[in-house]
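Open the model in your viewer and keep the sequence beside it. We will go stop by stop, selecting a few residues each time.

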Amino acid sequence: MITFTVDEIEGDEMEDDLKEFMRDQLEKVESGYWDYTGAHNK
């Protein structure tokens, strides 16, 4: 497991493609995509 803080995603040390991937994952978390009791539950 690799852990990133939001500050690291917004900073200059991380590569742009990794930043974009992490932003996409953060959006999924915020929208409840990984919440098995939420709207995205199948």
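## Stop 1: A pair of charges

Select Glu 20 and Arg 23. They form a salt bridge, and their closest N and O atoms are 3.8 Å apart. Keep in mind that this is a predicted model. Side chains of opposite charge can pair when their charged atoms come close.

Now look along the backbone. Glu 20 and Arg 23 both sit in helix 2, three residues apart, which is about one turn of the helix. How exposed is Glu 20? Glu 20 counts as partly exposed because its relative accessibility is 42%. Arg 23 is also partly exposed, at 30% relative accessibility.

## Stop 2: A second partner

Is Glu 10 buried or exposed? Glu 10 has a relative accessible area of 53%, so it counts as exposed.

Show Glu 10, Glu 20 and Arg 23 together. Salt bridges link the three in a network. A search of the whole structure finds two salt bridges.

## Stop 3: A lysine without a salt bridge

Move to Lys 19, which is found in helix 2. Which side chain of opposite charge is nearest to Lys 19? That is Asp 16, 4.2 Å away. A salt bridge needs the nitrogen within 4 Å of a carboxyl oxygen. Lys 19 is buried yet has no salt bridge.

The backbone oxygen of Gly 11 lies 2.3 Å from a polar atom of the Lys 19 side chain.

## Stop 4: A negative patch

Select Asp 7, Glu 8, Asp 12 and Glu 13. Together they make a patch of negative charge on the surface.

Zoom in on one member, Glu 13. Where does Glu 13 lie? Glu 13 is in the loop between helix 1 (6-10) and helix 2 (16-31). Its relative accessibility is 83%, so Glu 13 counts as exposed.

## Stop 5: A nonpolar patch

Keep the surface on. Select Val 6, Leu 26, Val 29, Tyr 33, Trp 34 and Tyr 36. These residues form a nonpolar patch on the surface. Together they have about 630 Å² of accessible area.

Pick out Leu 26, which lies in helix 2. Leu 26 has a relative accessible area of 30%, so it is partly exposed. How far apart are Leu 26 and Val 6 in space? They are 9.0 Å apart, C-alpha to C-alpha, and 20 residues apart in sequence.

## Stop 6: The whole protein

Clear your selection and zoom out. Show the cartoon. How many helices and strands are there? The protein has two helices and zero strands.

Now colour by accessibility. Of the 42 residues in the protein, 12% are buried. Lys 19, from Stop 3, is one of the buried residues. The protein exposes about 4000 Å². Carbon and sulfur atoms supply 52% of that area.

Terms used:
Residues are numbered from 1 along each chain as its sequence is written. This is a predicted model: local features need pLDDT of at least 70, side-chain atom pairs count only at pLDDT 80 or more; totals for chains, interfaces and linings use all residues. Side-chain values use heavy atoms; hydrogens and water are left out. Patches are made of residues with over 30% relative accessible area and no salt bridge: like charges are joined within 9 Å, nonpolar side chains (Val, Leu, Ile, Met, Phe, Trp, Tyr) within 5 Å. Accessible areas come from the Shrake-Rupley method with a 1.4 Å probe; for residues, only the protein chains shown count as cover. Lys and Arg count as positive and Asp and Glu as negative; His and the chain ends are not counted. The place of a charge is taken as NZ of Lys, CZ of Arg, CG of Asp or CD of Glu. Helices (H or I, at least four residues) and strands (E, at least two) are DSSP runs, numbered from the N terminus. Buried means under 20% relative accessible area, exposed over 50%, partly exposed in between (1.4 Å probe, protein chains only). A polar contact is a pair of N or O atoms within 3.5 Å; within protein, one must be able to donate a hydrogen and the other to accept it, and residues adjacent in sequence count only if both atoms are side-chain atoms.
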